[in-house]
Amino acid sequence: MSEFKFHTLETTPEGSKEILEGAVAQMGTIPSLYAVMAESPEILKAYTQLHQAFTATSFDAEELTVVWQTINVEHECHFCVPAHTAIAHSMKVDPALTEALRNSEPMPTAKLQALHDFTLVMVRQRGNATDAQLETFYAAGYAPKQVLEIILGLSQKVISNYVNHVAKTPVDDMFKPFAWTKS
């Protein structure tokens, strides 16, 4: 069994260096997820581009958090649940919403519950939503655009969740206050 390498600025392949330098400039460190993804500049670029694209969707901070954390919890990602808890705090998302997501509890509004439920449909049914499930989602105030945006968010989270599973990415110190295990 080969172990995954966690790159530094000194060891990273050239194609990943600029992204890692940007992470250091923005966060003061290289997150472990980026350090392991750096082995493949293509996956690191894809992940960061998907992140930027998803945050530019029609979803507000609460809705972004619902999609991210619904997927993270469903995939049981030991790294992404704490990381996105920290991100939610930085985006001023109500901690009660974040805790509800982390603990698989009901959402505070019917619209956020519909988003959570439909995101689970997309994950569990691998995109094979029924007409009735789509209609329920639309009745909550969403549209086909948001269905496509959930798929975008899911694409981002599949990359990070699966990398964290196979690499057993350690939780960074900045995310440790938000450590999570499935209850």
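I worked on a predicted model, where local features need pLDDT of at least 70 and side-chain atom pairs pLDDT 80 or more, while totals for chains, interfaces and linings use all residues. Residues are numbered from 1 along each chain as its sequence is written, and side-chain values use heavy atoms, without hydrogens and water.

I took a pocket as an open set of points on a 1 Å grid over the protein atoms alone, where a 1.4 Å probe fits and protein lies on both sides within 12 Å along at least five of seven lines, with lining residues having an atom within 4 Å of a point. For the second largest pocket I noted about 190 Å³ of space, and α9 gives the largest share of its lining, four residues.

I then turned to the largest pocket, which holds about 620 Å³ and is lined by 23 residues, with Gln-26, Met-27, Tyr-34, Tyr-47 and His-51 nearest its centre. Two or more lining residues come from each of α1 (14-27), α2 (32-37), α3 (41-55) and α5 (80-90), and α5 supplies the largest share, six residues.

Last, I checked Val-166, which sits in helix α9 (residues 144-167). Is Val-166 buried or exposed? I recorded Val-166 as exposed because its relative accessible area is 53%, the cut-offs being under 20% for buried and over 50% for exposed, with partly exposed in between (1.4 Å probe, protein chains only).

Definitions and conventions. Grid points are joined across faces, edges and corners, and a volume is the space filled by probe spheres set on the points.
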